[in-house]
Structure formats: C-alpha cells, structure tokens
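Here are a few notes to go with the model, jotted down as I went through it. Have a look at the fold first, then see whether you read it the way I do.

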Amino acid sequence: MTAIGRRFLVTLALAAAAFAISWFLPVMPDHSGWQAFRVALSPVWRYHGFAFSHWYEAAIAVASALSNAGFIAAWLATAFAPRCARGWLAAAVVIAGVLNLYWIIALREDARDFGIGYYLWIGSFFCLALAVLARRTALRELFEQPRLV
C-alpha cells in the first residue's frame, strides 16, 4: 500500500472515530452530542420545549441535524463506492461542515461553553473531506502506476 493509500485509510478512520465519539461527549455544559442533535431537530420533533425564535434559525438547525445523515452517506461512499463524484462529495462535506459552524455564530454569547464534542463533530466533517480527496489521489496514483506483466 502506498503512503497516500495509508493516509487515506487513517484519515477516513479518524473522521469516523471523531464523528462517533462526538455524539457522547459534551457539546454544551448540559448536552451531549446526541442531545444537541435532538435540540437541532426540535422544530420537527419536539424535545423538552426547545423552540427557535425565527423560521430561518429552525431551518438551519434542521439542516444541521440532517447533515449527520449526509456525513454517514459520504463516509460510506468514500469507503465502499468504487466510482463516485469525489470532487462533488468533498465539496458537499465541506459545505456541511461550514453550515455546522452556524452554531458558533448563533450562540456567540455562549460560544465559550462549547465542549470538546462540538469541536470533534465539526472536525470530523473536514477530516472526511480530506479523506475523500486522499482517496481520489490514491486512486489516481494506483491507475497511473506502470504494471509489470
């Protein structure tokens, strides 16, 4: 296996580990990752009386929650799909990561209170984008290598 192939596997594994662990670590003082997920989905799935002030805040929160399904789909495509639009996939994962940075802006007064779970969650999106690009490079390298017959 080439160095680029190893880098791809390590980056892909780090993205999955960070994503999975972030669900159980504190995101805010009183909320773990999975609880923050429920808060973000509260406009469509009631949770402890949480409500957003404006419709656009609720829409961004739901989109942020749904980005988790996008992360899982992108991870699976990167790990197992031999041919998928990796450039578009990397861009979509980065866009989801940037969307999820919304919480720092929305809760700027409490931004100091964000826990390690939030930062691991955000980092997992950007780590996955790097894995997508590393896979793309590894595949290109594999097919460009001369073969001895």
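1. How many helices and strands does the secondary structure of the chain come to? Keep in mind that this is a predicted model. I get 6 helices and 2 strands, and from the N terminus on they run α-β-β-α-α-α-α-α.

2. On to the overall numbers. The chain has 149 residues, and buried ones make up 38% of them. If you take the contacts with a separation of 6 or more, 67% are between residues 24 or more positions apart.

3. Now the core. The largest nonpolar core has 32 residues, and Trp103, Tyr118, Trp121, Phe125 and Leu128 have the most contacts inside it. Two or more residues each come from H1 (3-22), S1 (26-28), H3 (55-80), H4 (86-100), H5 (102-106) and H6 (116-144). H6 gives the most, with 10 residues.

4. Tyr118 deserves a click. Leaving aside residues up to four places away in sequence, Tyr118 touches Pro26 and Val27, then Asn100 and Leu101, and also Trp103 and Ile104.

5. I also checked the length of H3. With 26 residues at 1.5 Å a residue, H3 should span 38 Å, and its end C-alpha atoms are 37 Å apart, so the two agree.

6. Last, the buried positions of H3. They include Ala58, Ala61, Ala65, Phe71, Ala74 and Ala77, but Glu57, Ser64, Ser67, Asn68 and Thr78 are buried too. As a reminder, an α-helix has 3.6 residues a turn, so residues three or four places apart point the same way.

Note on methods. Residues numbered from 1 in each chain as written. Predicted model: local features only at pLDDT ≥ 70, side-chain atom pairs only at ≥ 80, totals over all residues. Heavy atoms only, no water. Core = buried A, V, L, I, M, F, W, Y, C linked by side-chain atoms within 4.5 Å. Buried < 20%, exposed > 50% of the residue type's maximum accessible area, 1.4 Å probe, protein only. Helix = DSSP H or I, 4+ residues; strand = E, 2+ residues; numbered from the N terminus. Contact = heavy atoms within 4.5 Å. Expected span 1.5 Å × (residues − 1).
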